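Dear colleague,

I am passing on the structure we spoke about, with the sequence alongside, and below it you will find what came out of the analysis. Please read the notes with the model open.

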Amino acid sequence: MEFLYTYEDFKLDLPLVNVEDARYVVLGVPFDGTTSYRSGARFGPILIRQATINLESYVLDYGIELSEVLIADVGNVSIVSGNSERTVDRVKETIEEIITLNPQAVPVLLGGEHSQTLGAIRALKPKSYIVFDAHLDLRDTYEENPYSHACVARRIAGLGVREAMFGIRSGTREEVEFAREKGIVWIHARDYSFDSFVEVVELLPEPIYLSIDIDVFDVSMVPDTGTPEAGGLSFWDVISAIEWLVENKKVIGFDIMEVAGERLGNPTAVTAAKLLFYFIAAAEKGRKL
Ligand code: MN
Ligand code: MN
């Protein structure tokens, strides 16, 4: 299997299959060209994959054995260093290649900056975008770059995709006003509950793309990320939402973004790897995808 813009990397520590046979196709995006505070998201994909070594492939509470699930890992997108827009193009083209080979496959992005989620949205064209994030990411430009990590939800809104955001605790007045004008629903981390998630998501059109900016979790769990924020959600808050989502809605793509750091086994990578295993296991258990 030859893609235009990918290269082999350290793989997930699970038995893997070809894209044509897979239900989930993992793709790394090691880009951090617009990171504004803590750098190192370029190491996110390898950090997450390496952290899977420490995880049991059996997901206890679901009774799902991940080594029996059809998963492909196509390596990483060859990024254009410092050029977010061109790298978004490559993410889009790579995901288009994946879904051309296997239209039933669910692409799973490991990042890497949140800016790159735009490439997945352009390729998959969901009707709704659900995001767990500390930040609104609704700036029109940031540091003169409309393809900054701080603008990704704004670019996605510009495509006419409905948006709902959870775990938010950072944004500007202008972003809040933009959200109000466009009918973008966001739930503050202080007000987040499972019921609030279901109430909002029940009304969203399908298919849905789910994005997890790892900084939605409390900084104590995920210190290695581009823009850490205190006062975040718990691991089980997010897992419970994913469980409901994959059982009740059609999800056509998923990502875990903004994992960073320079030390293998850092807490952010360990959290992200567990989240990845839970997403795939929950989706298999629901098997609505
Ligand atoms: Mn964020
Ligand atoms: Mn974000």
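Two residues are taken to be in contact if their C-beta atoms, placed from the backbone, lie within 7 Å. On that basis, 79% of the contacts in the protein with a separation of 6 or more are accounted for by residues 24 or more positions apart. Please bear in mind that this is a predicted model.

As to the overall fold, the secondary structure of the protein comes to eight helices and 11 strands. The radius of gyration is 17 Å, close to the 19 Å that the globule rule gives for 289 residues, so the protein is as compact as a globular protein of that length. Along the principal axes, its C-alpha atoms fill a box of roughly 45 × 40 × 35 Å, and buried residues make up 52% of the 289 residues.

One helix pair may be worth a look on screen. Helix α7 (residues 235-248) packs with helix α8 (residues 267-286) at an angle of about 25 degrees, the axes being 9 Å apart. Because angles under 35 degrees count as roughly parallel, α7 is roughly parallel to α8, and α7 passes α8 in a right-handed crossing. On the α7 side the contact is made by Phe-235, Ile-239, Ile-242, Glu-243, Val-246 and Glu-247, while α8 contributes Thr-271, Tyr-278, Phe-279, Ala-282, Ala-283 and Gly-286. By class, this contact of α7 with α8 has eight nonpolar, two polar and two charged residues.

Key. Residues are numbered from 1 along each chain as its sequence is written. Chains are lettered from A and ligands numbered from 1 in the order in which they are written. This is a predicted model: local features need pLDDT of at least 70, side-chain atom pairs count only at pLDDT 80 or more; totals for chains, interfaces and linings use all residues. Helices (H or I, at least four residues) and strands (E, at least two) are DSSP runs, numbered from the N terminus. The radius of gyration is taken over C-alpha atoms; the globule rule is 2.2 Å times the number of residues to the power 0.38. A residue is buried if 20 or more other C-beta atoms lie within 10 Å of its own, exposed if 12 or fewer, and partly exposed in between; C-beta atoms are placed from the backbone. Axes are lines fitted to C-alpha atoms, for helices over the stretch in contact, and angles run from 0 to 180 degrees between N-to-C directions. Angles under 35 degrees count as roughly parallel, over 145 as roughly antiparallel, 65 to 115 as roughly perpendicular and the rest as oblique. A crossing is left-handed if the near helix is turned anticlockwise from the far one by less than a right angle, and right-handed if clockwise. Ala, Val, Leu, Ile, Met, Phe, Trp, Tyr, Cys and Pro count as nonpolar, Asp, Glu, Lys and Arg as charged, and the others, Gly among them, as polar.
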